[in-house]
Amino acid sequence: MPQHTRPRPICPDCDGFPTVAITTGQYTADGQRQTLTVNCRPCHGTGHRTPAASLATTGRRA
């Protein structure tokens with residue numbers, strides 16, 4: 001029997017495109033463009049946000 005899991009919400013900061021390649025404007029030794037790979041900071045490169053209800057709290061409650 002299949003298990004149905006709810007889809008996780010897409011990150012609003014990157015719209016589901018968590019990793020991008022940015023050109024630096026320089027060339028490598030073999031003539032290709034030099035690029036930097038950058039991940040979305042809020043979702044840490046996953047493309048999805050963790051719902052607030054599932055976040056864990058730390059510390060003691062009084």
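**The strand pair and its surroundings**

Author: The protein has two strands and zero helices. The model is a predicted one, and the values below are computed from it.

The two strands are β1 (19–27) and β2 (33–39). β1 and β2 run antiparallel and are joined by six bridges. Together they form a hairpin, with five residues between the strands. Gly-31 sits in that turn and has a positive phi of about 95 degrees.

Thr-19 belongs to strand β1, and Asn-39 in β2 stands opposite Thr-19. The side chains of Thr-19 and Asn-39 are also joined by a polar contact of 2.8 Å. Leaving out residues up to four places away in sequence, Thr-19 touches Thr-37, Val-38, Asn-39 and Gly-45. For Gly-45, the separation along the chain is 26 residues, while the C-alpha atoms of Thr-19 and Gly-45 are 5.9 Å apart. Thr-19 has a relative accessibility of 43%, so Thr-19 counts as partly exposed, given that this class lies between the 20% limit for buried and the 50% limit for exposed.

Leu-36 is in strand β2.

With Arg-49, the contact includes a polar one of 2.5 Å between the two side chains. Asp-13 and Pro-42 are 29 residues apart along the chain, and their C-alpha atoms are separated by 7.3 Å.

Some totals put these details in the setting of the whole chain. Of the contacts in the protein with a separation of 6 or more, 46% are between residues 24 or more positions apart. Buried residues make up 10% of the 62 residues. The accessible surface comes to about 5900 Å², and carbon and sulfur atoms account for 52% of that surface.

How values were computed: Residues numbered from 1 in each chain as written. Predicted model: local features only at pLDDT ≥ 70, side-chain atom pairs only at ≥ 80, totals over all residues. Heavy atoms only, no water. Helix = DSSP H or I, 4+ residues; strand = E, 2+ residues; numbered from the N terminus. Buried < 20%, exposed > 50% of the residue type's maximum accessible area, 1.4 Å probe, protein only. Contact = heavy atoms within 4.5 Å. Areas by Shrake-Rupley, 256 points an atom, 1.4 Å probe, with all protein chains shown as cover. Polar contact = N/O pair within 3.5 Å; in protein donor to acceptor, adjacent residues only side chain to side chain. Pairing = 2+ DSSP bridges.
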